[in-house]
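This report describes a single protein chain, from its overall form to a few individual residues. Please consult the sequence and the structure shown below while reading.

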Amino acid sequence: AIVGFVVFVTMISTLRAIRLVNLRGALRLLWALYWIIPLQIFLAFSFIDFHGITDVWIQHLWSTRSMAGFRRFACESDRQCECAVPLLGDKREIDLDWCMDTCNSTSCGEYRKDATSI
């Protein structure tokens, strides 16, 4: 978004140069585009999750404080406790003992699965 905004501002500021056939202004536009477009292409490709890292990040950090905002968005408001159940070790198993002790429920796995599959 920032790169797009810079391109937009550059385009608006060079309209006058284009109308008046100002070579200095046209060269500034050209160099701005030469520097901005590769940066924009690089940033667009960097947002693609090639290795599935985002899924691992969500699954293993879901119950931490850093993901509380995401849980508020993805989970039902009356099921925040069930939704925040942590995983056991490297396997994607739900800690049912934590669920019973903290939330007094056995349906934590379903709520978490629904919330993290968005």
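The term pLDDT denotes the predictor's confidence in each residue, on a scale from 0 to 100. Helices (H or I, at least four residues) and strands (E, at least two) are DSSP runs, numbered from the N terminus. The structure is a predicted model, in which local features need pLDDT of at least 70 and side-chain atom pairs count only at pLDDT 80 or more, while totals for chains, interfaces and linings use all residues. Residues are numbered from 1 along each chain as its sequence is written, and side-chain values use heavy atoms, with hydrogens and water left out.

**Confidence and elements**

The mean pLDDT of the protein is 79, and 94% of the residues score at least 70. Confidence is lowest in helix α2 (residues 15-19), with a mean of 70, and highest in helix α5 (residues 68-74), with 86. The protein contains 8 helices and 2 strands. Their order from the N terminus is α-α-α-α-α-α-β-β-α-α.

**Overall form**

The radius of gyration, taken over C-alpha atoms, is compared here with a globule rule of 2.2 Å times the number of residues to the power 0.38. The protein has a value of 24 Å, whereas a compact globule of 118 residues would have one near 13 Å. Along the principal axes, the C-alpha atoms fill a box of roughly 75 × 30 × 20 Å.

Accessible areas come from the Shrake-Rupley method with a 1.4 Å probe; for residues, only the protein chains shown count as cover. The accessible surface of the protein is about 9100 Å², and carbon and sulfur atoms hold 64% of it. A residue is termed buried under 20% relative accessible area, exposed over 50%, and partly exposed in between (1.4 Å probe, protein chains only). Of the 118 residues, 25% are buried.

Contact means heavy atoms within 4.5 Å. Among contacts with a separation of 6 or more, 38% join residues 24 or more positions apart.

**Individual residues**

| Residue | Relative accessible area | Class |
|---|---|---|
| V6 | 34% | partly exposed |
| L88 | 39% | partly exposed |
| N104 | 64% | exposed |

V6 belongs to helix α1 (residues 2-13). Its C-alpha atom lies 9.1 Å from that of A32, although V6 and A32 are 26 residues apart in sequence.

L88 is part of strand β1 (residues 87-88). Apart from neighbours within four places in sequence, L88 contacts E93, I94 and D95. The C-alpha atoms of L88 and H60 are 9.3 Å apart, across 28 residues of chain.

Where does N104 lie? N104 is placed in the loop between α7 (96-103) and α8 (108-116). The phi angle of N104 is near 55°, a positive value in a residue other than glycine.
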